[in-house]
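The entry under discussion is shown first, and the comments follow in numbered order.

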Amino acid sequence: MEEKLTLFKNRKRFGIEKNIDIIFKNTALVLSSFVAIILLGIILVVFFQSFESFSKYGLKFLVTSEWNPVKDEYGAFTAIYGTLVTSFLSLLITIPLGVGTAIFITEDFVPKIVREIIGSFVELLAAIPSVVLGLWAIFVMEPFFRAFFVFLHNFFGWIPLFSTEPTGRNSLLAILILVVMLLPIVTSIARDSLNQVPKKLRNAAYGIGASRWKTIFSVILPAALSGIMAGVLLALGRAMGETMAVTMIIGNSNAFSWSLLSPGYTISSMLANQFGEADGSQVSSLFYAAFVLMILSLVVNIFAQWLVKKFSLKY
Amino acid sequence: MNSLYYQKRLSRNIGDKFFTSLSVICALIAILPLIFLVTYILIKGGSQITPELFTLEPNPPGDDLDAGGINPALIGTLIITTIASIIAIPVGVGGGIYLAEYSKGGAFSRFIRFGVNVLAGVPSIIAGVFIYALIVSTKILFGSMYSGLAGGMALSILMLPTVIKTTDEGLKLVPNELRYASLGVGASMYTTILKVTLPSAFRSIATGVVLGIARAAGETAPLIFTALFSYYYITGFGDLFYEMGSLAVLIYNFALEPYDAQNKLAWAASFILVLSILSVNIFSRILAAFTEKTKRV
């Protein structure tokens with residue numbers, strides 16, 4: 001009897017261990033809530049810093065393109081327009097290229113080992129820092145495309161998009177370097193979602209006599225669409241927030257122009273350029289622009305997450 | 001009878017050929033510039049590498065033909081990335097442990113997971129703007145404005161979502177039987193996590209974290225107005241509170257200089273940065289491939 005009692009006693013957990021357990025759990029809880037705190041902190045800090053500019057210019061800030069620290073007049077239309085145009089046009093080029101490449105490496109056109117090498121190579125490229133891409137864009141891409149831009153201007157100059165004489169850095173180059181950055185993202189996500197489509201579907205389509213591309217267009221792509229869409233939205237968010245490569249190649253001019261061959265601005269390149277030496281109400285206006293950028297990317301991101309949840313594969 | 005054989009002229013077969021060649025063209029257009037880009041960076045940058053590069057300070061841009069080296073930027077990148085890791089890894093691993101081990105899929109954990117995804121999508125320059133407002137402009141760090149410490153904090157914001165996500169997903173892959181066994185022999189929850197689940201998920205977590213660090217090492221946008229840049233050697237602990245150079249910012253600054261010597265320095269710095277990031281990536285991929293079929297997400 002005595003023996004049993006001590007055994008029972010020994011089994012009891014020490015009070016100190018219980019406390020450690022509770023402390024451990026609560027520490028983990030606090031650490032995980034840091035994410036929420038930082039996220040809210042970012043939103044609140046950027047919003048309150050932009051308050052001065054917000055109350056002064058209101059929504060007019062979004063539609064005027066005057067950016068004049070001397071006269072203390074600020075409007076971010078050029079930068080907002082540049083952000084939207086560069087990100088959407090680069091996506092327009094990237095989607096067919098990326099999805100086409102993804103189809104190429106998920107079908108069996110070439111041996112598996114070749115496809116895997118191509119796939120992992122593309123993924124590796126996502127790891128190259130954007131500032132290095134910017135350097136490459138300045139010294140390799142810009143001279144390479146110069147003649148092509150002159151050609152574009154000479155023959156299509158009547159289209160407002162190509163109406164200015166190309167002189168060095170411009171928005172079109174920014175779009176092209178964004179394509180290089182987004183391709184790995186779109187390709188790898190599209191490849192993953194194409195790979196997730198069950199083999200049964202493909203075999204069923206082949207079985208009733210569909211050709212390879214009929215199968216791809218009518219069965220595989222629709223089944224993988226939600227994943228591809230989510231990847232595209234992620235890429236869109238990335239394109240809007242992308243700073244370094246764009247800043248280095250877009251030319252950084254606040255003069256508004258419809259032409260892609262003239263220097264432009266994006267919100268992030270404006271921040272990168274001016275934040276260091278801004279003061280007074282210019283700082284507040286830059287925070288306002290940052291707030292706009294944040295809202296844009298938040299909306300795109302949340303929409304992407306909603307899309308994934310709503311339409312995720314149900315096979 | 002004929003219909004049993006492959007007929008080239010059939011419109012479906014012509015269409016198939018057409019789309020197949022289209023996808024091959026897409027793949028070529030996508031991959032060739034990328035191959036060109038990598039080889040160009042490696043060759044152009046590699047040809048600038050000299051021993052002095054690693055030991056000298058960069059000279060201020062000017063007509064000076066000798067650009068000097070990138071020692072302060074190299075050390076600066078190491079220091080800033082280390083600071084970011086010191087902040088982001090404990091917070092991220094702790095948060096991931098809570099999500100994977102303690103939370104029961106309630107509103108709180110769903111909100112945190114959602115927040116992690118949102119934070120991962122926040123543009124990197126916004127992290128810089130945030131730290132600028134919070135730390136640089138308020139001079140909260142003992143009166144210093146631009147500092148390596150502030151730069152490290154900005155980078156840690158970018159690393160945090162990656163670390164949490166990989167910890168969360170790595171722990172979720174650990175089979176529940178291990179947890180039951182450990183709890184069944186009387187171990188407490190924290191012993192189970194520290195001695196059983198974390199060690200068995202260690203490889204996948206470490207891979208994700210290392211990739212996150214490699215990504216942060218190349219980030220520029222959060223540093224340009226938090227850590228700024230410095231031309232001078234880092235000599236001691238106190239330098240943490242002053243402007244600090246980094247490879248990424250060096251590339252940005254010197255790429256925009258009109259002088260050839262500085263541009264060459266930028267190429268050399270990109271070579272070092274790209275080579276180290278790529279080798280970390282390749283190495284961790286090989287490691288991941290050799291270990292189990294951990295599902296990458």
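Which residues of chain B does the UniProt annotation "transmembrane region" cover?

1. According to the unreviewed UniProt entry, the annotation "transmembrane region" applies in chain B to residues 21-43, 73-99, 111-134, 140-160, 240-259 and 265-288. The model is predicted, and two of these spans may be examined in it. Residues 21-43 of chain B are 100% helix and 0% strand, with end C-alpha atoms 32 Å apart. Residues 265-288 of chain B are likewise 100% helix and 0% strand, and their end C-alpha atoms lie 35 Å apart.

2. On confidence, chain A has a mean pLDDT of 87, with 95% of its residues at 70 or more. Among the elements of chain A, the highest mean pLDDT, 93, belongs to helix α4 (residues 77-106), and the lowest, 53, to helix α1 (residues 2-11). Where pLDDT is low, predicted coordinates should not be read in detail.

3. The contact between the chains involves 71 residues from chain A and 70 residues from chain B. On the chain A side, helix α2 (residues 15-49) supplies the largest share, 20 residues. By class, that side of chain A comprises 46 nonpolar, 19 polar and 6 charged residues.

4. Within chain A, the axes of α2(A) and helix α12 (residues 281-311) come within 7 Å and cross at roughly 140°, which makes α2(A) oblique to α12(A). The crossing is left-handed. From α2(A), the contact uses Val46(A), Phe47(A) and Gln49(A); from α12(A), Ser284(A), Phe287(A), Ala290(A), Phe291(A) and Met294(A). By class, this contact has 6 nonpolar and 2 polar residues, and no charged ones.

Methods:
Residues are numbered from 1 along each chain as its sequence is written. Chains are lettered from A and ligands numbered from 1 in the order in which they are written. This is a predicted model: local features need pLDDT of at least 70, side-chain atom pairs count only at pLDDT 80 or more; totals for chains, interfaces and linings use all residues. UniProt positions are given in the numbering used here, feature names are shortened, and annotations may be inferred rather than shown by experiment. Helices (H or I, at least four residues) and strands (E, at least two) are DSSP runs, numbered from the N terminus. pLDDT is the predictor's confidence in each residue, from 0 to 100. Two residues are in contact if their C-beta atoms, placed from the backbone, lie within 7 Å. Ala, Val, Leu, Ile, Met, Phe, Trp, Tyr, Cys and Pro count as nonpolar, Asp, Glu, Lys and Arg as charged, and the others, Gly among them, as polar. Axes are lines fitted to C-alpha atoms, for helices over the stretch in contact, and angles run from 0 to 180 degrees between N-to-C directions. Angles under 35 degrees count as roughly parallel, over 145 as roughly antiparallel, 65 to 115 as roughly perpendicular and the rest as oblique. A crossing is left-handed if the near helix is turned anticlockwise from the far one by less than a right angle, and right-handed if clockwise.
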